[in-house]
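Subject: Structure handover

Hi,

Here is the structure for your work. Please load it before reading on.

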Amino acid sequence: MPDITDKDILINELTMTKLRSDELIIYTKEISALEKKVLEIVMLGNCGACVVSRPRCGKTTAMVYIAQSLKKRYGEKFPVVMWDITDHPVTERNFYWTLLTAMKVRHPSNTATTALMLKERVLNELVTLAMDTPFKKVVLMIDEAWRLGDRDFTWLMDLYNILRRYNLQLITIFFSTNELLDIKQKFKSEGLDQVVERFFLNIYNFHGLREKAELMICLSALDKVNTATIDAEQMPIRNFYYPYAQETDRFFNLTDIYWDAFRDTKMKYSISVDDIPMEFIMSSFRILLGCYGKFASSSVAWPGYQEIYNSIIQSGYTESDDEQRKTAPSKRIKKY
Amino acid sequence: MNKEKQPPANELRNIRSYTWRSEWVRPYESLYSVFRMFSKINVLPYTATMKIISSKVVSFEPSKLDNLKNLSCSNANKDFQSYRREERVIQFFLSDKTTDSFPVFNQKAQQLLLSSKYRYCPECIKNGYHSWLYQYKPLKQCPIHKIPLEEGPFSIDLWAEGVSYHPALQNIDTVPLGKYYRKVFGKIKALKIFTPSNHKDGSALVKKLSNKGFFEAGEEIYTRRVGNEPEVKKVLSEHLCTAWKDLFENVPNKSSLELEFVLKAAFRETEHSQHCNPLYYETYAPLLQIYISIMELALDDLEDSEAIQDLFDFYRMAVDGKTYYSYINFYLIFHPSNGSWDEFRASPAYVDHFLEQRSDLMLSTRLNESDWELVCIDDHIKYQWNNLKRLWAGERSGNGQQKPSWELIDKLHNIWYLMIVDFSDILHVYRYVEE
């Protein structure tokens with residue numbers, strides 16, 4: 001076992017943090033396709049779109065990437081608001097309050113602040129953001145959108161309509177698990193066409209990895225990742241975690257056995273869904289580094305099939321099958 | 001009861017407490033309008049706005065906003081001593097792009113030319129816009145919409161509401177305001193209004209200025225370059241000496257020592273304190289000028305006719321408000337505490353003795369810089385005398401009146417003096433006569 005210094009331990013912790021964070025986004029085929037779709041939606045000025053997928057597929061990371069992409073296309077000042085919906089009572093005040101927080105605006109909090117005042121503040125902020133660029137658009141990306149209640153959609157629609165009167169465009173993109181589609185069905189059955197036709201016309205299914213080639217892209221990208229920087233020093237993670245690997249050893253070369261390991265796990269645990277959520281790719285990879293790299297008691301010179309397989313099992317992938325598909329849809333609709 | 005959840009602390013990073021863009025300040029917009037817009041955009045009451053602007057809890061009185069209606073967001077405002085209370089608001093909204101503002105006014109000019117009430121255009125208000133130029137009384141209609149300006153407290157209902165208030169959605173054409181500003185104030189750096197009689201009602205002057213510019217409103221009586229101030233002590237001393245010599249040529253008891261004594265008292269010099277350019281308010285220079293002007297009139301303009309002599313005595317009393325003190329005793333210079341005029345009411349001929357105690361007088365002003373005021377006093381006395389003679393001649397030929405009366409004095413017109421410094425640093429003084 002190689003000598004481990006305190007500095008190594010620190011680098012390891014920081015690198016693991018880096019691998020978990022949005023600082024590292026792998027440009028997968030799914031993200032690429034979603035990016036093109038969103039850019040098209042924004043260019044055309046569509047009212048909204050829904051991005052749905054199974055849990056842990058990487059929607060939130062895709063959202064962060066696309067926000068960066070929009071700024072690259074339209075300029076740093078282009079407004080992209082990222083709003084994480086939390087579990088809170090559905091009131092108009094909460095709606096505007098949390099939206100203001102998502103826009104990084106603090107409003108004085110006291111009992112005199114009414115929902116109407118907060119609404120006016122939100123509108124002023126949206127106008128300000130939209131008019132900061134010549135495109136007169138604001139993109140609102142809502143994560144965990146399944147948590148929104150019926151009235152939330154109505155208030156969103158209200159904001160859209162008011163801004164429309166001043167030739168400003170509010171483009172809302174919802175990121176959610178498949179429960180959002182149930183909400184759409186509910187609106188349709190209740191005849192709320194104005195909501196459906198604004199927000200639910202563009203539905204995009206976001207997937208995890210479905211092909212070996214996509215896994216190859218991920219592993220190839222990870223080959224290029226360096227450790228976190230300390231004292232301006234960094235090295236490829238491959239060299240840091242596997243110092244005894246051969247010169248030609250690359251994560252890219254593990255594609256076949258990695259894919260086989262996932263296939264075997266699917267078969268063994270009867271995982272019926274085709275795509276592999278990106279979370280389990282990254283999670284298994286981190287386990288591979290942390291539990292089989294130089295810091296582990298069972299460290300290896302270079303990971304093989306067994307190490308990869310064990311990492312996949314440890315990552316929780318075996319629980320990843322969409323159990324929610326097995327339950328009746330009606331039980332999943334949020335009641336307000 | 002629903003309870004709001006506060007966002008977690010890490011989400012509060014980079015959160016701003018207000019939204020503002022400096023480009024939202026529109027040309028010629030008053031600081032009041034900008035302040036109000038800030039409050040509206042951020043949906044804050046005025047107290048919360050002041051707290052943000054001053055970065056601390058301040059006790060706020062809405063009346064503090066009053067002065068903001070006269071101010072632009074120009075850099076020039078931060079030097080105004082009179083706007084100390086509004087300093088934080090001025091500093092917060094300062095814009096390097098805004099350069100136009102009212103010229104430097106003295107207090108009299110401000111009182112006469114700027115309205116103490118809000119003056120606004122009913123159409124501009126719908127865009128949430130108020131200009132400091134609207135406060136200028138001679139401006140009667142909005143240069144943008146060509147409708148009469150209205151006056152009075154702003155009603156909440158008048159201002160734009162909702163999203164339409166947002167300045168980024170407005171497009172007010174302020175070019176006409178710029179044209180008006182350049183036409184009226186374009187050449188003026190500073191403007192002071194002076195009235196020897198301390199009149200209060202300047203409505204006739206304001207009306208005149210509605211139709212004419214400052215340089216056309218009256219007759220120019222004095223001009224010099226700023227920085228080329230004369231040595232006032234020397235000039236006044238010379239004038240007094242000349243008048244003294246001529247006046248007391250045949251008066252054996254009047255010695256030159258008495259002359260020196262008068263001068264020392266007028267400039268309030270002591271053995272240990274003699275300044276060639278003292279502070280204006282520390283001297284009795286205006287009083288001395290009154291006496292010199294009277295003496296010069298007595299020497300130059302008096303015929304042998306007793307009637308004229310009577311008229312002159314009457315006029316002299318109207319000028320200094322004293323019935324029983326002869327001007328050749330220079331009484332008031334030696335008894336300044338008796339300066340309050342008694343049973344004679346102020347008239348257009350009267351010259352206020354307490355000019356040096358005017359509230360708008362800058363205490364740091366030196367005697368030499370105030371030469372133009374002394375010129376105005378001299379001009380006032382001599383101009384009104386000529387007018388009085390004309391009036392009296394008319395009265396005599398009309399109804400054969402022999403004795404002058406206060407009704408005659410009251411027929412004289414009030415006179416205003418406008419002191420203007422232009423951007424070439426030339427000082428001009430204009431006489432404006434109310435008709």
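Below are notes on the interface and then on the sheet in chain A.

This is a predicted model: local features need pLDDT of at least 70, side-chain atom pairs count only at pLDDT 80 or more, and totals for chains, interfaces and linings use all residues. Residues are numbered from 1 along each chain as its sequence is written, chains are lettered from A and ligands numbered from 1 in the order written, and side-chain values use heavy atoms, without hydrogens and water.

Interface. 27 residues of chain A contact 25 residues of chain B (heavy atoms within 4.5 Å). The two chains bury about 2,500 Å² between them, 54% of it on carbon and sulfur atoms (accessible area, 1.4 Å probe, lost on being put together, summed over both). There are 3 salt bridges between chain A and chain B (a side-chain nitrogen of Lys or Arg within 4 Å of a carboxyl oxygen of Asp or Glu). One of these joins A:Glu125 to B:Arg16, with the closest N and O atoms 2.8 Å apart.

Sheet. In chain A, 5 strands form an open, parallel sheet in the order 2-3-4-1-5 (strands pair if DSSP finds at least two bridges between them). Strand 2 (80-84) and strand 5 (203-205) of chain A are the edges. Strand 2 of chain A is joined to strand 3 (137-143) of chain A by 5 bridges. A:Val81 stands opposite A:Leu140. Helix 5 of chain A also packs on this sheet, touching strand 2, strand 3 and strand 4 of chain A.

Best regards

Technical notes
Helices (H or I, at least four residues) and strands (E, at least two) are DSSP runs, numbered from the N terminus. Axes are lines fitted to C-alpha atoms, for helices over the stretch in contact, and angles run from 0 to 180 degrees between N-to-C directions.
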